[in-house]
Each structure stands twice: as C-alpha cells, then as structure tokens.
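Subject: Structure handover

Hello,

Here is the structure I said I would pass on. Please open it next to this email and read the notes below with it.

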There are 4 protein chains.
Amino acid sequence: MKIQIDVAMEYDLSGDMRACLAVEAAKTPVQTVLSEELSLPGATLTRTAGEAGLGQRIWVAMSAPRMSLRYSATAEITRDNSPLENFALTPRHELPGEVMTFLRPSRYCQSDMFPAFVARRFGEIEGGAKVAAMRDWVREEMTYVPGTSNATTTVIDTFAAREGVCRDYAHMVCALARAADIPARYCSVYGIGVEPPDFHAVAQVYLGGAWHVVDATGMCEPDQVAVISVGRDACDVAFMETSDPAGLIEQSVSVRPA
Amino acid sequence: MKIQIDVAMEYDLSGDMRACLAVEAAKTPVQTVLSEELSLPGATLTRTAGEAGLGQRIWVAMSAPRMSLRYSATAEITRDNSPLENFALTPRHELPGEVMTFLRPSRYCQSDMFPAFVARRFGEIEGGAKVAAMRDWVREEMTYVPGTSNATTTVIDTFAAREGVCRDYAHMVCALARAADIPARYCSVYGIGVEPPDFHAVAQVYLGGAWHVVDATGMCEPDQVAVISVGRDACDVAFMETSDPAGLIEQSVSVRPA
Amino acid sequence: MKIQIDVAMEYDLSGDMRACLAVEAAKTPVQTVLSEELSLPGATLTRTAGEAGLGQRIWVAMSAPRMSLRYSATAEITRDNSPLENFALTPRHELPGEVMTFLRPSRYCQSDMFPAFVARRFGEIEGGAKVAAMRDWVREEMTYVPGTSNATTTVIDTFAAREGVCRDYAHMVCALARAADIPARYCSVYGIGVEPPDFHAVAQVYLGGAWHVVDATGMCEPDQVAVISVGRDACDVAFMETSDPAGLIEQSVSVRPA
Amino acid sequence: MKIQIDVAMEYDLSGDMRACLAVEAAKTPVQTVLSEELSLPGATLTRTAGEAGLGQRIWVAMSAPRMSLRYSATAEITRDNSPLENFALTPRHELPGEVMTFLRPSRYCQSDMFPAFVARRFGEIEGGAKVAAMRDWVREEMTYVPGTSNATTTVIDTFAAREGVCRDYAHMVCALARAADIPARYCSVYGIGVEPPDFHAVAQVYLGGAWHVVDATGMCEPDQVAVISVGRDACDVAFMETSDPAGLIEQSVSVRPA
C-alpha cells in the first residue's frame, strides 16, 4: 500500500535551543520511501541513527527563533498483513542478542509485574494467537479517552485505570507480550485512519523471526502504518525533544492513501 | 459462634524500646468478649483508642529486654452472616461523616485509579451483590502466594501481579469497593480456618447502614472472625509496632471454635 | 487577627449530580467565626461532620443545572503564632488515639519511605525546632511551579522533582514530620497573602499537645489562615467533589484582613 | 592492573529449565582477557551478544538437574583511572545514536523526575566535575544497608529512602547523570575490594567520548573492575536468568589482584 504523509510544524524555539526530531518515515525492507522532502528554513541539520538502528534522529540548530518544518513523503508499505496467528513464537534462547533488549521491562512498561496475570489469562494460547488474544483483550478492556494519561503514566497505572490513548494501548501490548517472553517494542508511526489525525503509536512484536505491527486501538492495519522510530517505550521515540519547553504554534499531520 | 483465641509472642526488645500492640479482640455490639487474659511479665501498659474508636492499642514499656506475651480470649461472634446480596448500598450523601473516611484512597489502596474498571466490570450490579461480585472476582483472579508482596506493595501492584496474601486480597476489595463509592475498611482479625495459623486480614464494607466482613481469600465466614482493629489499610493495623527492629524469637496464633 | 473571606463559585452540575462541598471556615477554639453567610439558590443542603470531627461537609442537591455559590465570613483567628521552637515533641506513646492516625502514611504521603533521610538530616534537632528545620528545608529545596503536579503526584515524586504547589509543599512537611514520629495533617485553608488568590493548603503538626500551622510555601503566618478542613492528605479535603465532572464557569476566592 | 577472577556456582535447575548467564569478563579495548576457563559439565552452550554489543550472554541447556559452573579468568585492565574532572561533557547533539539510548529513563532509573533537583544541586558545575560531584553526593547521602531494596525498588524509592546496595548506588548515579543530559549506563562487574565478595555493580558515564567507571559505593577504582555486561539498569544485566526459580546451593565470587 502507498501512503502519503504531510506534516507541518511551527514552534517557537527560544534562544539557542536545539531540537531533536524523529519525523521521517524509516527506510526498511518492508517500507520503501518513494519520495520525500524535508524543509526547515534557517536550520542546520545533523543526523544520527535511531534506536535499534532504525530510522534517524535529526538534530536541528536554528538561526531564527521560529522553527517552521514541512515534511512530505510517499512510502510504499509491503509489511506482511497476515494474521498474527500464522506465526510461531521464537524460543527465548534462540532470540538474537539485539532482540533480547525488547524482552526487558522499561520506564513505562514494567512487564516484570505481569507474568502471573499473563500466564493465567493467555497461558493456554500457543504461537502468534497468544499475541492476537492480548491485542483483543487490550482493545476490549480499555477505553480510548484523551487526557487521562500523562508523561508519568506507566503501564501499571494504565492496567488499573483502563483508560488512555494510543501510547497507553501500545504500552499495554508491550508489557503483556514481554511478560510472556515475547519481544515487543514501541513504535512511533504515521497511520491511515488515525482520528483525530496526529502522530500515532503502535506495538511491534517479534514472531517467526520478524517484527509484526500490533495496533490495539484498532485504528490501523499493519500495511497502513509507516514506522518512524522504535524503542522500549514512549520515552525512546518522541517526535520532538528540546532541552527547554518549545512553544507550539501550529502542528498538523495528514496521512492518506497515495 | 464462640471463638477461642490463644496467642504467644516472644520478642527481643533491645534497650529502651517501646512496643505498640493491637492484639486484643475488640469489644463491639456483634463481638462479645466472654473472657480474656493478657499476660506480659515485667511490662507497664498504657492503653489508647484504636482507629475509628474501635478496639485499643496497648503501649508496652519493658523493664526486661525480652517481651513474653500470652493472650487468651473467648469471644462470642453474633455478626450477621447473611449474604451481602441482602443489603442495600447507602447513597454517598447519606453516609455519616466518620464513614466517609473509608471512601478515600489510602497508602496501599489507591482506589482513585479504579473507577473505570469498576464501572465496566461491576457497573450493572446493584446493591450488596456488587460487593459480592467484587469479592468473587478477587478470589477468582488472584493466587494466594506467600512471599510475593512486601511492605511497599500497593493495590496497583497487586492488581497487576495478581498474587499476594490476605493483606493484598483485603486491599483489593477495599480499592474496588471505594472506587464504586462504597465505604470499605481494612481489618486485622483472628479467624477460624486460617492456614497457616496466623494473624489474618479481611475487608469490611458498609452496606445497609452497617459494616460487613468480606474475606476474598475464602478462608473465613463473617461469624468466624474476631476483629482486632480497623483502618484505611494495612498501615493502620499492625499487631505490633516498634521504633527499632524487634527480634522475633517465637510467635504462635491459635484460633478455634470454643 | 480578623480575616474577611469572600468566595464565589459558578459551576455547571449536569443532571442529577450532587456535590459535596467543604468551603466554610471551621469553628474551633482558635478560630471564631464572627459572621458568615452561605448562599446557594435552588439547593437543598445536608451537613455532615468533617474529617477528625473538624468543620463540616455540605451535600448539595440542585433543582437547577447551575450551582451558584456565595460564601462570606469574618473569622477571628487567635491561633498561637509562637515559633515552633517553643514547643516540645510529644512522645509517641503519649499521643491520643485519634492523633496517632496522623502518624500514618497516606495516599500521597508515603512517610514510611523517609525515616533514614529524616534521621540523617534532622535527627540531631530536638523539639519543635525539628519541624521548623523541615519547613525551612522544604522551602529552600523546592521551587513553586504551578502545573508540575497533578492528582496522582505523591510525595515520593515531589521529593525527587522538587517542584510543585501548596498541595505538594504541605505533603512534604507531612511526610517528613511523620517519618520522625511527629503527627502531621493536611489542611485546606483560606490564607491572607496567597498569590494568586485561591484555596490554599498548609500542614499542621502536633507539638506540645496542640496542632500548629506550618506553611512551607512561606505565604502565610499561622494567624493568617482560617482552616476549612483537615485530613491525612489532599485526598481528604477537596473543597468540592462531584461524582461526574462539573463544569467550572467562574470561581474567585478573596481573603483579606477584616 | 591484572585481576584474577574465580567464580563457583551450584544451582538446582529443575526439569527442562534453561538458564541465561552473563558471567564472563567482556573483551574490550581497555579490558584484555589474558586467560579464561569456563566449566559447565553436562551443559550445551549457545552464545549471543550482550546489550550494546558488549560481552556475551550464554544460554545453558542442561542434561542434568544440577548446574555446576566454574569460571576463572585473568584480565588486564587498562581503563583510564584519571579523575572524572579531566574530561569534558559531550554536547547532546554530538552524541552517537547508540549512546543516546543511555540518556533515557528506564525501568529502575526514572531520570525524567530529577532535572530540577540536578539543576539546582549540580547546575553550576562544569564538565566531568559534575559527575564527580554526583558520585560524592550519592556516597555521602546514602547508607549501604543490605536487605533494604528488592527487585521492584526504583531510583525514586531509593532517592527517598537513602539506603540500598551497589545496585541502588549505581541507579542513583545513572538517574542523576541522565537528568543532566549525560549518558549513563549500568554495569555488572567483578571488582577488587567488594565486601562481602560478590558480583558488583557500578555506573559508567560518557565523558570526553568514552565510558568511565563510577563507583559511588567507593569500593572500587576504575582499573579494579572487570565489566561483564552493561545496560540501562539492573534489569538488563542479571548474571543468571531462568524462567522458573532456580535453587541456589552454593555460590562464591573471588576477585583479587593477579
């Protein structure tokens, strides 16, 4: 599927502030960027590899106090859309070292708290169907309510409160999967069908030797998302970071079939 | 029902340490202490009212380094054993002021995190049946595993981990009930059938204008427990507190039909 | 000192919602209400005792969807303004039972986490001077920053973040004092000098057999505050509670010398 | 400096359990393993890369129920022992992508909570002296008390409690450094002078383009430690992990100058 992405961001960056951006669709074997254009007038850019070597972070130094960004891209997504049930779990001791990272608990995903729950609720289910059942459980048990979570909300809070946004849904999937010894990572993405239009977040789980997109909010199919960056959880994949608060003037994200 | 309680405690209290004990069955309208004897050789005792005016705390000053306590009592329990389903919820605005205290979140029971879960899972159930459903849910969802919780474990942790002991079961009931605007308090008790024999903890919920015992571990019926003290959660009802660590030498608790 | 209090609150209470208010200056031996007037057109009021028997909660049932409250009062504060250093600590075993409640950790004040810090930093200081040192330490170490804390922020978070508002300053004082075996409670108050004008919160500590106001924000002297209600922490003393969200239309609080 | 390491571990691994070990001194430019011998009778070993590509994890499948491991190695440590004050901070935007990982908060190191504290306490200090001041502050403010922390203790808890073991000291250094935009990682190590002899943990901070060992417990100098594995915090570097509990029969760790 071809996806057209258009982003506009206007921010006040007071004084000498630098920003670190992660806004470009990553280039991966299942995600071909057919064309892209990044415009950031008056800015000096430096690039560095993203988490897990996926995508790039862009350091921005501005000569003007206002950062005006336009990013447009067309990406072709050839990500496998097969049901998760088609894939097998990889035994823990056969996981590549760099994948084992994503078995660990993290800032927002204290997966070490959930083994008993996961064993009881999903213990009988084999293979990728286990992850499918987790995704469906999260979707059924949670209510999508903007404004109920904040930057300190962890998956333990979310598991109790049963409310949140895409960030919290993705954390839930990551925590449950890791608690069952299934590697899971958090992805910042552009997704078709996200309402209201904005940056979106999903989980990826490692099944059958590859990463598979899992969107427990039900908003996007795997081939409808373009991954920007990945990490252990939301703390790794901010689309913009600044050392001091930046003033949002305007921001729009549009994602549609190309 | 008549209950026979026998407690023996041997502790090293180094130096000038004082201990505060809450070990006596409280005298209440549904709990008559027919006979009791407290023996604490070499100790000077001072008494003060327990939380919510129920029961007494005993301050112990020792002239010897070793505290050797024996407590024996026969209590007649006339507590209502009717099913919770028989009782109505009291509307929040008709609750006595001193009962409203037990609607609040507390150290270990952050009930403010659970309204969405409680509304979804138990929202359709009316009256005392709502509490019965909560009790059954806790019993079904949790596994009794000694050693999995400690003095910093809160109900948010327990809700995720789904493991714990009587303390954690009682916290769960308190948190769920309060999240549904039903007053709930934590009780230290002597209970028949507790395995292994020890001090026990249950919840009490306020239904139909009175407090009702709820034991989600399933170990005790309401008329099989003698309440020692009550509070918001486990932090209020320790059976022994000392400013410095006391050395346990031996402790035994026996509770049986009289 | 005489204090003039004027409050205006306009809220949308949709449908059958009831509100529970705690807005009146409490009547206590050191706080005489010389005159007061509460106006709530179209409302039926029911009163119940506040936490610790101090002040009153008012249940409001509205016949109209809009709650329009005016409260005006003149209170004479004869609270002891002596330095905390003048008072002695009460040994723990001489505390009245109902005061021991305020030694306990609570939802937002996990005082059980701080004994080692408190012993190290304040262990050498005797009597009320210990509390004065805690108050000064909180004032010195924290920065008053609106918007940095929310309804889930506990004193452990605040101790790390070192930022917050009056609520968080009061929590810090309560946690440190309790960790040193000094009873401390949280108070909702009207205070002269609060900027911007609003409901205010302070701590009260129990020294020399009485409760003493401690305002670590430095905004108010003890005889400049009229206590509304008290509790273990912020979860006990909301000035308004409703089961469903109420829509704030307008609210103003004015407190000045009478 | 040359270090002689001798480890003996005896564990019961019931049934088909596999273990993942991280016990070998890593081979790095500043850590040359002159000789080593790993003995694990009856075991099949598989190796995979450690976190950050440093060191190796060893998967162990046993044909016998008892795992009997002996590991002996001589390592030459040429790690720079210069004072931290000699090194400059690397500006955030000049950090390599794979180092940026160690700026993030993690399961046990919620560094995002500490910027205000760090700015106030250490904000004026430049370069590596800032880290030295953090190390000295942690050493001064904390008390080494075995048994006060457990597998759920985070740095927020530790910051309040001011007690812990090497794990907690290392977490504190990591959290404070990251809050000041200095990359910091957690290291499992063998250290000379560790009392009682055991696996040890230290922090590494990224200064002047390289990682520097920081031991806030004061037990080891940088050239007295052999790094086994690194990670974001303690959750990444367990010396042994098993899916089910393994029974410890005996374990000894000896580290001495070679």
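The area buried between chain D and chain A is about 2500 Å², and carbon and sulfur atoms give 46% of that. Buried area here is the accessible area (1.4 Å probe) that two parts lose on being put together, summed over both. On the side of chain D, W59(D), H93(D) and R107(D) lose the most area to chain A, together 26% of what that side buries.

Before going on, note that this is a predicted model: local features need pLDDT of at least 70, side-chain atom pairs count only at pLDDT 80 or more, and totals for chains, interfaces and linings use all residues. Residues are numbered from 1 along each chain as its sequence is written, chains are lettered from A and ligands numbered from 1 in the order in which they are written, and side-chain values use heavy atoms, with hydrogens and water left out.

Back to the interface. In chain D, 27 residues are in contact with 27 residues of chain A, where contact means heavy atoms within 4.5 Å. The rule finds 12 salt bridges across this interface; a salt bridge is a side-chain nitrogen of Lys or Arg within 4 Å of a carboxyl oxygen of Asp or Glu. R104(D) forms a salt bridge with E241(A), and their closest N and O atoms are 2.7 Å apart. By class, the side of chain D that touches chain A has 10 nonpolar, 7 polar and 10 charged residues. Ala, Val, Leu, Ile, Met, Phe, Trp, Tyr, Cys and Pro count as nonpolar, Asp, Glu, Lys and Arg as charged, and the others, Gly among them, as polar.

Next, the aromatic rings. Over all chains the structure holds 50 aromatic pairs. Rings of Phe, Tyr and Trp (its six-membered ring) pair if their centres lie within 6.5 Å; planes under 30 degrees apart count as stacked, over 60 as edge-to-face and the rest as tilted. Y71(A) and Y190(A) form a stacked pair, 6.4 Å centre to centre with 25° between the planes. Y71(A) lies in strand 6 (residues 66-77) and Y190(A) in strand 9 (residues 184-191) of chain A, so the pair ties together parts that are 119 residues apart in sequence. Strands (E, at least two residues) are DSSP runs, numbered from the N terminus. Both Y71(A) and Y190(A) are buried, meaning under 20% relative accessible area (1.4 Å probe, protein chains only).

Finally, the backbone. The peptide bond from E195(D) to P196(D) is cis, with omega near -10°.

Regards

Conventions:
Helix = DSSP H or I, 4+ residues; strand = E, 2+ residues; numbered from the N terminus. Buried < 20%, exposed > 50% of the residue type's maximum accessible area, 1.4 Å probe, protein only.
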